[in-house]
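Here is a fold to look through together. Shall we take it piece by piece, in questions and answers?

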Amino acid sequence: MPNYELEKRKFVIGGIAVAIVLVYILRLFALQIMSDDYKKNADSNALLKQIQYPARGTISDRNGKLMVYNQPAYDVMVVMMEQKGVDTLDLCQSLGITKEFYEKRMSEIKDRSRNRGYSPYTQQLFMGQLSSEEFCAFQEKLFRFPGFYVQRRSIRQYKTSHAAHVLGDVGEVSPADVEADDYYNGGDYIGKLGIERAYEKQLRGEKGIQVLLRDAHGRIKGRYQNGLHDTQTVPGKNLTLGIDADLQALGERLMEGKIGSIVAIEPSTGEVLCMVSSPTYDPRMMIGRQRGHNHLALSRDPMKPLLNRSIMGQYPPGSTFKTSQALTFLQEGIITTKTLYPCSMGFRYRGLHVGCHAHPAPIALIPAISTSCNAYFCWGLYYMFSNREKYPTVQDAMTRWKDYMVSMGFGYKLGIDLPGEKRGMIPNAPYYDKAYRGSWNGLTVISIAIGQGEVNLTPLQIANLCATIANRGYFITPHVVKEIEGEALDAQYTQRRYTMVSPENYELVVQGMRSAVLHGTCRGANLPGLDVCGKTGTAENKGQDHSVFMGFAPMNNPKIAVSVYVENGKWGATFGVPIGALMIEQYLNGKLSEQSEKKAEEFQNRHIEYGEQER
């Protein structure tokens, strides 16, 4: 009689034996096929894979003047599996570092939470950006330190001290950068701000790899198989900016000792000709091993020099905003060129008073722009928001008004090719419904007609408004980069964006701005032969008022549109107009006259004292 119990035992024992064999097979497969740890260990004994870093693309201004280039630097790399037995005291003395720095750096390299690309078999950055002199001194002693290597690469250098906010800088990657993009390893460099950040992928190029053969003592014997397995670097693409370096330098000079911004745009292309944010800093502070120290000092400066006020500052536009109101009222049929409004030293109605300065009244549109009459535009807004034939409710009127503002580039980011742009503030009907519990009218919000109240724009948006008027009704999204080597610009930087207002109405506003230069508030911008059109602004503030100006020239073939914003500069004509006029003259004539040069020196030395409240 068969023994079924014995038969079952045979199957059980056989199954266990098969399972054990399978476990061993799977483990061997995982170790030898799936995992490359042993392969790395074996390869690291005979081969050394050195990353070859590409040259980062250069940056030039619109006239071909080099602004950012590369210079050689050297990184000290370490392979952790090979550096055992190194005389750390000798190493520290050779590199000019302390024992504490050595221990801290080694700990950081092995910390996978901070160095996510860590492997004991691959090169890790120990110390970056040695100068040529430091490299030569260390190279002579390198044979004493097994596991340590020198990696040649390049670092950024800046031709001048200007345009720091536009150009940006390059710094070591963060763990988040490494995790977000497989291109980077710990110790690599990446654009941190400005153009360097916005065009990182174009500027960085593609890395290469050089495979070197080593002997049993770790000494380099040459290239493995004559470079058969090497990959070549691809240099980064060079960029040409729309920036005019000479204009940028003049703008920064004129804004010394002041807080504010100058933005200039070429209306026909949307190219940014200059972007000044004051106070600024020397971009050369942000290279080398002192970058971290300098960045910390700048970030703690109460004047906030790291803030790019041209795209991040959000200010009341003041009377420059009246041009957008004139365009809206004309297009909506609220006013014509023959419409006259009273001005009794301001707008007075139902106990409400918005002040103004002395000028003839009643007044029509073009002289209202020329003299910057507050009352005219307050009346226009009041009649628009009170017109129940066109707009059933004040909310409908407000929505229509905002649609015009948005079409002119307000209330949202314009989309400039720089990181950090702010959108400004254009209120809408729900905003006021919430603020006033649904009970409000045109008188409640009358201050928005003159660029006050809840309205805030960036200096870039003010310059873009001026460019749109110069173009008689369209703008191209402002952009700093003019050309990318071998690559087309994004479509948004070449396409026209039309507003809701017809060209003939823009022509009327142009006449008003030209009259302001010839007879009105912008007479200081009347440059012979250049046909400048302008508009001043005096933006109310808790402390001293802000000085604002926007202007373009020539009138009928505009080459430049500029906005100037000087915090606490008082009247628009005090700082805004003369600074704007000097910028226009410099760009159109290529230089300043002797008389203008003296004026530039005067404004360079004319500082404003800022208190804590005003900042």
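This is a predicted model: local features need pLDDT of at least 70, side-chain atom pairs count only at pLDDT 80 or more; totals for chains, interfaces and linings use all residues.

Reader: Thanks! How many residues of strand E5 are buried?

Author: Helices (H or I, at least four residues) and strands (E, at least two) are DSSP runs, numbered from the N terminus. Buried means under 20% relative accessible area, exposed over 50%, and partly exposed in between, with a 1.4 Å probe and protein chains only. Strand E5 spans residues 148-158 and is mostly covered. Of its 11 residues, the number buried is nine.

Reader: Which residue of E5 is the bridge partner of Gln71?

Author: Two strands pair if DSSP finds at least two bridges between them. Strand E3 (residues 66-78) and E5 have 11 bridges, in the antiparallel sense. The bridge partner of Gln71 in E5 is Ile155.

Reader: Which residue in the turn between E13 and E14 has a positive phi?

Author: Strands E13 (residues 346-349) and E14 (residues 352-355) run antiparallel and are joined by four bridges; in one of these pairings, Arg348 has His353 of E14 as its bridge partner. The two strands form a hairpin with two residues between them. The turn residue with a positive phi, about 50°, is Arg350.

Reader: Which strands are the edge strands of the open sheet of five strands?

Author: The order in this sheet is E12-E11-E20-E19-E18, with antiparallel pairing. An edge strand here pairs on one side only.

Reader: Are H18 and H19 roughly parallel or roughly perpendicular to each other?

Author: Axes are lines fitted to C-alpha atoms, for helices over the stretch in contact, and angles run from 0 to 180 degrees between N-to-C directions. Helix H18 (residues 459-470) packs with H19 at about 110°, their axes 9 Å apart. Angles under 35 degrees count as roughly parallel, over 145 as roughly antiparallel, 65 to 115 as roughly perpendicular and the rest as oblique. H18 and H19 are therefore roughly perpendicular.

Reader: What angle do H13 and H16 make?

Author: Helix H13 (residues 322-331) and helix H16 (residues 394-407) pack with their axes 10 Å apart. The two helices are oblique to each other, at an angle of about 125°.

Reader: Last one: is Asn308 buried or exposed?

Author: Asn308 lies in the loop between helix H11 (291-300) and helix H12 (309-312). Beyond its neighbours within four places in sequence, Asn308 is in contact (heavy atoms within 4.5 Å) with His165, Met275, Ser277, Gly313 and Leu418. Its relative accessible area is 5%, so Asn308 is buried.

Technical notes: Residues are numbered from 1 along each chain as its sequence is written. Side-chain values use heavy atoms; hydrogens and water are left out.
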